[in-house]
Amino acid sequence: MSSSAPRLSVSQNDDATPGAGSIPRPQLDPIDTSFSFKNKAYAALKSAITGMDVYGSPSDIRLDERSLAEQFGISRTPVREAMAQLEREGFVRTVPRRGVYVVRKTRREVIEMITAWAALESMAARLVTAHASAEEIASLRKMFATFDNGQVRAHLDEYSEVNIEFHQTLIRLSRNNVLADLAENLFTHMRMIRRKTIGEKDRADRSIRDHMHIIEALEARDMLRAETLVRDHALGLADHVEKYADYLD
């Protein structure tokens, strides 16, 4: 395999709106040879799909099984098995006689996911106040050290990744494995919509303010306030999607 990662083969749905913009073409991560072909294909495809700007274009994104197998240098069977697992997890859908497409959630589905996330993450915040060390909570504050003095919008892509890392870290610091398992797949879906919405309206600036207030509550070990702030922060995203995410319809 060459040192540069191959592009994920996608094609535009015949019914897509002409002139709607180019289809996202993410880079595939190199396949780790320590796994089976099916697991390698699954990991590479999932990484590529979750890294795509799925909501940046109204055009459907079709995955070509034959081309993917050729890019991976493997037979079509493990690619087909990887697609089946991704379909069970809600990342792709099979349309009979047409092919496999990357799933774009509806507005209602996204709001329901965010609402469920609000419940999980707010409970995680309660647990963080009880179990996380002062050093671990301090690490949350350090994430945002480079975004002082109105620098959020100047580095929006970088901030988007830090924003995602913050929420993942909150879950991890809860030290509740069941909660973390429930949150994992849900958050993988949500990170795509978070990446899309962070640059809309004033969400980036509001986001960093919310995060700093959450961190202050965690540092103070104020369980109720931390729980409330985290829940309200997540539901604020749901409200934003309800009002402005017309591209989900």
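Two strands pair if DSSP finds at least two bridges between them. In this predicted model, that applies to strand 2 and strand 4, which two bridges join.

**Strands**

Strand 2 covers residues 61-63, and strand 4 covers residues 99-102. The two run antiparallel. Within this pairing, Arg62 of strand 2 stands opposite Tyr101 in strand 4.

Strand 4 also pairs with strand 3, which spans residues 92-95. This pairing is antiparallel and has four bridges. Here Thr94 has Val100 of strand 4 as its bridge partner. Both pairings are set out below.

| Strands paired | Sense | Bridges |
|---|---|---|
| Strand 2 (residues 61-63) and strand 4 (residues 99-102) | antiparallel | two |
| Strand 3 (residues 92-95) and strand 4 | antiparallel | four |

Strand 3 and strand 4 form a hairpin with three residues between the strands. In that hairpin, Arg97 takes a positive phi near 65 degrees.

**Helices**

Two packed helices are described by the angle between their axes and the distance between the axes. For helix 1 (residues 37-50) and helix 3 (residues 76-88), the angle is about 50 degrees and the axes lie 8 Å apart. Angles from 65 to 115 degrees count as roughly perpendicular and those under 35 as roughly parallel, so helix 1 and helix 3 are oblique to each other. Helix 1 passes helix 3 in a right-handed crossing.

On the helix 1 side, the contact is made by Phe37, Lys38, Ala41, Tyr42, Leu45, Lys46 and Ile49. Helix 3 contributes Pro78, Glu81, Ala82, Gln85 and Leu86. Sorted by class, this contact of helix 1 with helix 3 holds eight nonpolar, three charged and one polar residues.

Conventions
Residues are numbered from 1 along each chain as its sequence is written. This is a predicted model: local features need pLDDT of at least 70, side-chain atom pairs count only at pLDDT 80 or more; totals for chains, interfaces and linings use all residues. Side-chain values use heavy atoms; hydrogens and water are left out. Axes are lines fitted to C-alpha atoms, for helices over the stretch in contact, and angles run from 0 to 180 degrees between N-to-C directions. Angles under 35 degrees count as roughly parallel, over 145 as roughly antiparallel, 65 to 115 as roughly perpendicular and the rest as oblique. A crossing is left-handed if the near helix is turned anticlockwise from the far one by less than a right angle, and right-handed if clockwise. Contact means heavy atoms within 4.5 Å. Ala, Val, Leu, Ile, Met, Phe, Trp, Tyr, Cys and Pro count as nonpolar, Asp, Glu, Lys and Arg as charged, and the others, Gly among them, as polar.
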